[in-house]
Amino acid sequence: MVLEFAGEAIWWRGPAPFIFVPVPADLSAEIKAISSRVTYGWGVIPVKAQIGDTEYTTSLFPKDGLYLVPIKLKVQKAENVNVGEVVTIRIEIVSART
């Protein structure tokens, strides 16, 4: 499953790196529908992500009925992502069971 969307970068004092982009509700629902097949535990889902020219691997975190995409520090720096900015992000869900 490949999804692309725009969202506002938010700060959350959860797991580092502390800047995340929430997946929109409709897309979060699509992810939730397949989550049991792709999670590696605790509802966390592995993904390949891309912002601008920077690709990286990470995991979606469930929070308040949505999923959050962590923006690694190297991506924040490379793509100049700051809290409050709207960024376009592409994610590809990869099965943890492969």
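User: What makes β5 and β6 count as paired strands?
Analyst: This is a predicted model, and in it 3 bridges join β5 to β6. Pairing asks for at least two bridges, so these strands qualify. They run antiparallel, and one place to look is F61, which stands opposite L68 in β6.

User: Which other residue gets flagged on phi?
Analyst: N80, with phi near 55°, is a residue other than glycine with a positive value. Look for N80 in the loop between α2 (73–79) and β7 (86–93).

User: Are D64 and N80 buried or exposed, and how do you know?
Analyst: The cut-off for exposed is over 50% relative accessible area. D64 comes in at 69%, so it is exposed, and N80 at 53% is therefore exposed too.

User: What makes the contact between D64 and K63 a salt bridge?
Analyst: The closest N and O atoms of D64 and K63 are 3.1 Å apart. A search of the whole structure turns up 1 salt bridge.

User: Why does K63 get its accessibility label?
Analyst: K63 has a relative accessible area of 27%. Buried needs under 20% and exposed needs over 50%, so K63 falls in between and is called partly exposed.

User: What else does β6 pair with, and how many bridges are there?
Analyst: Strand β3 (residues 19–22) pairs with β6 in the antiparallel sense over 3 bridges. Here F20 stands opposite P70 in β6. As for cover, 4 of the 5 residues of β6 (residues 66–70) are buried.

User: What is the order of the strands in the sheet?
Analyst: The 7 strands form an open sheet in the order β1-β7-β4-β5-β6-β3-β2, with antiparallel pairing.

User: What makes β1 and β2 edge strands?
Analyst: β1 (2–8) and β2 (10–11) each pair on one side only. Then there's helix α1 (residues 25–38), which packs on the sheet and touches β1, β4 (45–51), β5, β6 and β7. The direction of α1 makes about 85° with that of β6.

User: Is S59 buried or exposed, and how do you know?
Analyst: S59 sits in strand β5 (residues 54–63). Its relative accessibility is 11%, and the buried cut-off is under 20%, so S59 is buried. Leaving out neighbours within four places in sequence, S59 is in contact with residues including Y40, V47, L68 and P70.

User: Why do the side chains of S59 and Y40 count as a polar contact?
Analyst: The contact between those side chains is 2.8 Å. The limit for a pair of N or O atoms is 3.5 Å, so this one is inside it.

User: Why is V47 given its accessibility label?
Analyst: V47 lies in strand β4. With 2% relative accessibility against a cut-off of under 20%, V47 is therefore buried.

User: How far apart are V47 and L60 in space?
Analyst: Their C-alpha atoms are 7.0 Å apart, while V47 and L60 are 13 residues apart in sequence.

Notes:
Residues are numbered from 1 along each chain as its sequence is written. This is a predicted model: local features need pLDDT of at least 70, side-chain atom pairs count only at pLDDT 80 or more; totals for chains, interfaces and linings use all residues. Side-chain values use heavy atoms; hydrogens and water are left out. Helices (H or I, at least four residues) and strands (E, at least two) are DSSP runs, numbered from the N terminus. Buried means under 20% relative accessible area, exposed over 50%, partly exposed in between (1.4 Å probe, protein chains only). A polar contact is a pair of N or O atoms within 3.5 Å; within protein, one must be able to donate a hydrogen and the other to accept it, and residues adjacent in sequence count only if both atoms are side-chain atoms. Contact means heavy atoms within 4.5 Å. Axes are lines fitted to C-alpha atoms, for helices over the stretch in contact, and angles run from 0 to 180 degrees between N-to-C directions. A salt bridge is a side-chain nitrogen of Lys or Arg within 4 Å of a carboxyl oxygen of Asp or Glu.
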